[in-house]
Amino acid sequence: MEIYLALGIFAVAFALIAFEVFDKSLIALFGALLMVILGVLSPEEAIAAIEFETILLLLGMMILVNIASKSGIFEWLNVKIAAFTKGNPLFIFLFFSILTAILSAFLDNVTTVILIVPLTIQLVRGMGKDPKPYIMAEIFFSNIGGALTLIGDPPNIIIGGATGFSFLDFIINLWIPILAVAIFTMLVFVILYWKHIKPISDDLIELFTANIVIKKIKHEFVKKTIHRDFVIKVIAVLALTIIGFLVQHQLGLPNYVIAFTAAIVLALMTAKRHNIHESFSSVEWTTLFFFAGLFIMVAGVETTGILESLSEYVAHSTTDIFFMALIVLWVSGLVSMILDNIPFVTVMIPVIMGIQAELGGSDVTILWWALSLGACLGGNGTIVGASANVISVDIAKKKGVNITFIEYMKFSLPITLGIFVICSVYLFIKIN
Amino acid sequence: MEEKIKHFSQLFRELEAEIGTQDLADLLLQALVVSIKAFKADDKSSFCDQFNDLVKIISNTEPRFGILIYCFFKLRKEFQNGYFQKLPEKKWKRVILKRVKEILKEFRQEIKKLVENSDEIDVDGKTILIHDNSRTVRNVLAHYKKMGKKFKVVIAEQDYDKTHNNIERMHKLGVPFQVIPSYMLSHIHDNIDMVFFGGLTLKDTMNFVMNPGTHGIISEFLVEGTPVYMFINTTKFSLWKARKKVDVFMHKHKRAHHTKEIQYERVKYSHDRVPHTMFEKIITNRGVFTPDELKKFFDKMMKKYSYDEVKEG
């Protein structure tokens, strides 16, 4: 009976999350509560199921990023890059895409697009051009950049929390496919949208328009009060945090301790300039509660043994690790195109753990990288594939740029499938 | 071309509302410097053709900005003269850049001259009313402060951003100031010794185009006999026949009552037009004028400068 209850609760919750009937955090929490109330899990088991390391890492990073963004450093970076492009559309396209990827690797993707997309629209539309290709590229690069690091995208945070992979492990194992995917995506965008982004260095009027807009943006930025000491402290703490993640093993500290220390130290250092209440209230509590609820629901499903059976089935159906990795990559990628990748990855964690246990001595770490690549990059496939996509499209719509589901998908789907092919080739090379 | 004119018009209007005409011209000349540096056309004739198109666009925006037309016509005239045409291909870009930078410098110098000419007004111990978002007026007040003059400022409150620009500058200068809503000025008529305004342009109809709300305030103080001064750079003058079409834009938008379900249409106007005779004196970079003197000066300038592209209409 409990088996059916657990599966039923999870299936209904998954469907409700997919169709966004209620806020996903409410659905996850209610599902988790039902698991406890209906006796699938004891209250103690439910509490133990929550991976607090993952939640604390997210919490620490949210506070850190919030304080850092208040300093104006990211706007400063945006304005500097806009000025550096001197109005060249190709440079605007390249630099803002690269900036999105880099920022997404260290900040969460939603924060990144909130910082970059409005400026891009202002800049590109001010130049009299269509901002759609630029926004779509930024969506892609936010997901690509996010896939590179442990803290870049929630699926990676979950994988890191479950496996103990360090910040450096992610970079070492993923930089090659991410770089290849980034180059491929960039090339496709440049070829398809050449008309929109080709250099304008032989057109004085277009150059002049672009440079007026850049001057306007600079002027608006100058009006804002930026405190130098605040910016310096933010840069110092962010740099130390990244170094801390990189030398995590030597420090002997888990990721969440590093993130949390950075957040609190920065909050203390900038207490005069910034109100900590604002940072605490800006934490996306719904996301954190969503994670907590999800961990409990998945633990409930685990008690049914179905995930174990699935692991056994996969492990016994083939001994070819590459084939398994391909299945993980493509299934997670295709699922992440339509559904929230977080619940999917949370379910896949025990499955891959199970496969690892079934195969005993075999090294199945490649499966984790396949899961990370599929879940993070699959989000590019559709407008609803990742939070950053939804937010970017919303921002654009509010500013009068309407990107429709089909319009995005016509373009995104083939590129995303191309990305999966590149990742498949990488997995093949890595295994052999 | 029509599309470009429309696009530039919108861009200029947004910028003018935000930073004023003087800074708009400064910003545009700076943008031109960067654009010329980045321009990679093969020869100077290609540049001149494109610059001509740019001048056509600038002289046909809605509204037309006299100050921009002045600067860009001046540059075009230079690029058309024999000396420039004879320049070797390798040198032309450097010469153009040098000339644009010089014009930018001259332009800034004209602003300085205007500020210096404001010395003619005695502000010691006086209370000055300001209202519009005029960088020129703020620069003049800064100049007085630097000269050690003791005066007070009353800021007539209007749009949030514009009022705040005035507040920020007065605070930065350390000038004692008060803020009062524009519709309550009748209570302080006796306390105000003089009123300072800046303008966007002066039309051939001898109307100044000014920030919205200024006409009412000027009329109010004119009735009271308080002197009202205008501070404007002559490069801002619209030296062409005014078109029948209005230079004042009306913005209609729907608004909702904040508590009740009532929708209504709200109308806003972009500028006011104020006759030059309503000012005691007009302080410019070319001297201080009475309204009559200004009319004569304007007519002389109209004859001297020939803006072919903006004559019709």
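Predicted model: local features only at pLDDT ≥ 70, side-chain atom pairs only at ≥ 80, totals over all residues.

Trainee: What makes the residues of helix H8 (residues 214–224) of chain B count as buried, and which are they?

Mentor: A residue is called buried if 20 or more other C-beta atoms lie within 10 Å of its own. In H8(B), B:Thr214, B:Ile217, B:Ile218 and B:Phe221 are buried, so each of them reaches that count.

Trainee: Why are they said to line one face of the helix?

Mentor: Viewed along the axis of H8(B), the buried residues fall within an arc of 95°, so one face holds them.

Trainee: What do the buried residues of H8(B) pack against?

Mentor: Five strands of chain B are listed: S2 (151–157), S4 (194–198), S6 (207–210), S7 (228–231) and S10 (272–275). After the helix comes B:Gly225, with a positive phi near 80°.

Trainee: How do you know that domain 1 and domain 2 of chain B touch?

Mentor: Contact requires C-beta atoms within 7 Å. By that test, 20 residues of domain 1 of chain B are in contact with 21 residues of domain 2 of chain B. The domain assignment places domain 1 at 2–114 and domain 2 at 118–310, and their C-alpha centres lie 27 Å apart.

Trainee: What classes of residue make up the domain 1 side of chain B that touches domain 2?

Mentor: That side of domain 1 of chain B has 9 nonpolar, 6 polar and 5 charged residues.

Notes:
Residues numbered from 1 in each chain as written. Chains lettered and ligands numbered in written order. Domains from an automatic or database assignment. Contact = placed C-beta atoms within 7 Å. Nonpolar A, V, L, I, M, F, W, Y, C, P; charged D, E, K, R; others polar. Buried ≥ 20, exposed ≤ 12 C-beta atoms within 10 Å, placed from the backbone. Helix = DSSP H or I, 4+ residues; strand = E, 2+ residues; numbered from the N terminus. Arc of directions from axis to C-beta.
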